[in-house]
There are 4 protein chains.
Amino acid sequence: MATWNNAVPTRKAMHQLKREALLREAIAAFNQKGFHATSLGDIATSLGVTKAALYHYFPNKHALLYEAFAEALRVGFEAIESAERAGGTGLEKLQMALREYLEVTLSEMSRCVIITEEHALEPEDRARIVEQRDRFEAKLRGFVREGIDDGSVIPCDPKLAIFSIFGAVNWVPKWFSDSGAWSNRQLAKGMSELLCRSIAKQPPAAFEPDIAKMRVD
Amino acid sequence: MATWNNAVPTRKAMHQLKREALLREAIAAFNQKGFHATSLGDIATSLGVTKAALYHYFPNKHALLYEAFAEALRVGFEAIESAERAGGTGLEKLQMALREYLEVTLSEMSRCVIITEEHALEPEDRARIVEQRDRFEAKLRGFVREGIDDGSVIPCDPKLAIFSIFGAVNWVPKWFSDSGAWSNRQLAKGMSELLCRSIAKQPPAAFEPDIAKMRVD
Amino acid sequence: MATWNNAVPTRKAMHQLKREALLREAIAAFNQKGFHATSLGDIATSLGVTKAALYHYFPNKHALLYEAFAEALRVGFEAIESAERAGGTGLEKLQMALREYLEVTLSEMSRCVIITEEHALEPEDRARIVEQRDRFEAKLRGFVREGIDDGSVIPCDPKLAIFSIFGAVNWVPKWFSDSGAWSNRQLAKGMSELLCRSIAKQPPAAFEPDIAKMRVD
Amino acid sequence: MATWNNAVPTRKAMHQLKREALLREAIAAFNQKGFHATSLGDIATSLGVTKAALYHYFPNKHALLYEAFAEALRVGFEAIESAERAGGTGLEKLQMALREYLEVTLSEMSRCVIITEEHALEPEDRARIVEQRDRFEAKLRGFVREGIDDGSVIPCDPKLAIFSIFGAVNWVPKWFSDSGAWSNRQLAKGMSELLCRSIAKQPPAAFEPDIAKMRVD
DNA sequence: AATGAATGAGGGTTCATTCAT
DNA sequence: TATGAATGAACCCTCATTCAT
């Protein structure tokens with residue numbers, strides 16, 4: 001079954017690689033310019049191919065957006081599971097989930113963030129995504145509520161808290177850059193700490209050295 | 001010079017009124033769907049006129065976006081001046097500025113938060129807006145720095161703090177609704193408190209009754 | 001209400017005129033080359049305007065096809081009513097209906113024939129058209145059945161008879177030309193006679209002078 | 001030279017078989033949806049192969065259409081020769097030719113009637129096909145003229161007669177189905193009788209039992 | 001012989017913008 | 001002031017065709 005001693009990637013592998021490169025490129029563009037302002041022509045040119053070539057990997061432009069959302073949510077749910085496995089107070093879980101979500105999301109793969117622009121999805125896709133995203137948000141609100149109960153979080157409206165956090169997180173791709181002063185890991189750590197502090201019952205007296213001295217480009 | 005006993009608005013006044021209605025409608029649409037996804041036809045239809053009619057009030061679509069940004073920044077600078085006039089610690093100034101910005105910005109007359117989508121601006125407009133926005137952000141970071149110096153804010157990177165806050169603030173129009181459980185005043189108060197708590201040296205032990213009991217629809 | 005002494009057509013009238021010209025052009029092209037082989041660009045060029053201009057008169061290409069069908073069927077039903085009003089044997093009614101249908105359909109308005117290519121219709125439009133066309137065919141078969149009963153038509157399968165006639169009729173636009181040797185009236189008369197003769201119990205011993213001497217270009 | 005005891009078809013034979021299957025599939029699709037509405041992808045999928053595979057058997061899409069026409073005309077000329085060999089009055093020859101043409105053409109092996117859509121042919125192919133088709137029609141008109149002379153056909157314009165008949169014949173694939181109530185033989189017989197009756201000097205007083213009782217699905 | 005990849009041309013449609021009325 | 005008509009550019013998508021494997 002192995003040809004060329006497996007030195008050459010199979011066609012299937014090639015296909016997968018290209019598909020991923022395309023998706024990354026698309027996500028980056030969507031994040032930067034928005035879905036409607038991004039033309040397939042732009043993406044294709046960036047990849048050095050023709051518009052038509054893209055259709056080998058995705059049935060249409062909306063499918064790219066859908067995959068982007070799906071990917072982000074997949075990461076989100078994994079982050080939540082990690083946090084649940086790790087245990088701790090509600091606040092600790094929340095912080096850990098945020099941290100992992102940000103870290104993966106901003107990793108070199110650049111799988112980015114966008115939970116923005118769901119209005120651009122096709123009705124069916126949208127229904128699926130919204131359903132998942134609602135579940136995702138509900139989980140996070142659950143952590144907040146847990147925290148209120150176990151005393152790690154001050155009384156507040158979980159919805160407001162999560163909306164605020166979501167806004168901050170979704171805003172990251174607008175300013176974060178791989179080449180900036182921070183790595184994705186540093187940012188994920190610092191930011192999750194910062195965000196959680198807003199609702200922590202006993203907020204740390206100071207940030208860890210890392211974040212206290214951080215400088216965004 | 002006065003005709004009809006001034007019972008009828010002058011042509012100039014009428015023009016101004018329509019212009020404002022148009023701008024509000026545009027801002028609402030941009031906030032909801034984004035600049036590129038909003039067509040002039042959509043806006044015109046909402047206003048009960050024709051696309052062509054809009055050109056009596058704005059030279060082109062980008063001008064609408066420009067005005068929206070300019071308006072938001074105008075409100076922003078006013079909020080900062082208010083805060084400076086009021087005085088207090090760095091943290092107090094920051095909180096007050098955020099509060100006023102949110103309150104005005106979400107008032108029925110001019111729901112406009114968007115500092116998003118600057119990429120959609122024409123190069124010249126963009127330069128002007130970016131310059132202002134940078135000054136705006138710098139002012140806010142200044143408050144943070146002041147706070148660190150006067151002990152009201154814990155040591156942290158002002159850039160990171162302001163980016164987080166900005167994200168949360170810009171996200172508001174995605175979920176805030178006039179008809180929701182909160183008024184714009186309530187939200188402005190609650191959210192500014194919440195956001196500032198993330199960097200406060202001595203965060204309040206509890207939120208004021210208002211926000212502790214708030215429920216977002 | 002009348003301006004310029006009604007010497008200039010109103011905008012509405014202009015609109016209607018252009019719309020009709022467009023529809024005629026489209027029908028002609030569809031008849032000649034088929035729906036899919038006809039591009040809106042072709043039609044627009046023929047009319048001396050841009051593709052985009054067409055969208056002032058029809059929402060999309062399929063709408064043109066739909067209108068063409070609808071128009072043809074409208075003519076068909078009118079022809080049937082005429083025939084029913086005129087009365088006579090089943091055969092006479094059939095012949096009269098065919099004659100009128102052909103005559104109007106090939107008139108200078110060139111509203112042509114196409115009952116072909118219904119597969120190109122959008123599902124909804126198609127359902128509506130097929131329903132009507134079925135009723136139309138049923139009416140014609142009804143005439144055949146009447147004829148069999150009243151002795152004007154020899155026993156035969158009405159479906160087969162009508163299918164044959166339909167084929168002959170729908171074929172006409174492929175070869176008929178305004179500039180040919182026959183007028184639309186002559187053709188309508190001759191052809192309806194010829195077609196009905198195939199199922200007439202007592203077919204005329206000879207065609208009227210007209211058709212006996214007809215010469216197609 | 002014979003391997004496997006000739007139990008396996010030679011490569012050449014395989015090629016030929018596939019080529020024929022492809023042509024049949026193409027003709028069926030063209031008949032159903034028209035040339036332009038049929039994509040090579042459709043055909044390939046029906047055959048369970050890829051678009052690219054088709055190019056092993058035909059140089060391009062137009063060649064498929066050309067072959068379809070050529071095939072139909074070949075059948076047509078054979079039908080005419082049969083009729084001429086059989087002899088009889090002009091009417092009898094015409095009827096026989098039509099009958100054979102329909103019968104072969106609708107047999108399962110090569111359902112192909114299309115003399116429609118010649119506009120879709122490449123200029124050169126078209127010239128060849130049109131030339132042949134004109135000769136074919138001329139032959140049929142010749143039978144009509146013979147019939148007028150020998151008294152089997154009433155005086156009429158042969159062109160009109162043949163056009164009518166052609167239309168009816170070309171329409172058949174739109175409604176005929178293998179699974180319907182009639183076999184291709186029955187239909188060929190019934191329809192040729194029906195069509196010829198329209199110009200017969202002494203039309204049969206009744207159709208043969210077959211056609212009188214025929215019921216199209 | 002057959003495939004997947006890629007292309008270039010073209011088609012339908014949208015939209016910001018201009019203009020005569 | 002407001003409208004309908006018209007345009008040209010851009011965009012998404014399809015498809016016949018070619019090519020390396």
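**Entry 1: chains A and B**

I began with the contact between chain B and chain A, which takes 37 residues from chain B and 37 residues from chain A. I counted two residues as in contact if their C-beta atoms, placed from the backbone, lie within 7 Å. The model is a predicted one, in which local features need pLDDT of at least 70, side-chain atom pairs count only at pLDDT 80 or more, and totals for chains, interfaces and linings use all residues. Residues are numbered from 1 along each chain as its sequence is written, while chains are lettered from A and ligands numbered from 1 in the order in which they are written.

I then looked up which elements give two or more residues to the side of chain B that touches chain A, and found α7 (158-175), α8 (184-197) and α9 (209-213) of chain B. Helices (H or I, at least four residues) and strands (E, at least two) are DSSP runs, numbered from the N terminus. On this side of chain B, α7(B) gives the most, with 12 residues.

By class, I noted 23 nonpolar, eight polar and six charged residues on the side of chain B that touches chain A. Here Ala, Val, Leu, Ile, Met, Phe, Trp, Tyr, Cys and Pro count as nonpolar, Asp, Glu, Lys and Arg as charged, and the others, Gly among them, as polar.

**Entry 2: symmetry of A and B**

I laid chain B on chain A by a turn of 179° and a shift of 0.0 Å along the axis, with an RMSD of 0.2 Å. The two copies are thus related as by a two-fold rotation axis. In chain B, the C-alpha of Ser198(B) is nearest the axis, 1.9 Å from it. The same surface serves both copies, since 97% of the contact residues of chain B recur in chain A. The superposition was by least squares on the C-alpha atoms of residues with pLDDT of at least 70 in both copies.

**Entry 3: chains C and D**

I found that this contact takes 37 residues from chain D and 38 residues from chain C. On the side of chain D that touches chain C, α7 (158-175), α8 (184-197) and α9 (209-213) of chain D each give two or more residues. The largest share, 12 residues, comes from α7(D). I recorded 23 nonpolar, eight polar and six charged residues on this side of chain D.

**Entry 4: pairs that do not touch**

Chain A and chain C do not touch, and their nearest C-alpha atoms are 20 Å apart. Nor do chain B and chain D, whose nearest C-alpha atoms are 32 Å apart.

I listed 34 residues around DNA strand E, of which Thr50(A), Ala52(A), Asn60(B), Asn60(C) and Ala52(D) come nearest. A residue is near the strand if its C-beta atom, placed from the backbone, lies within 6 Å of it.
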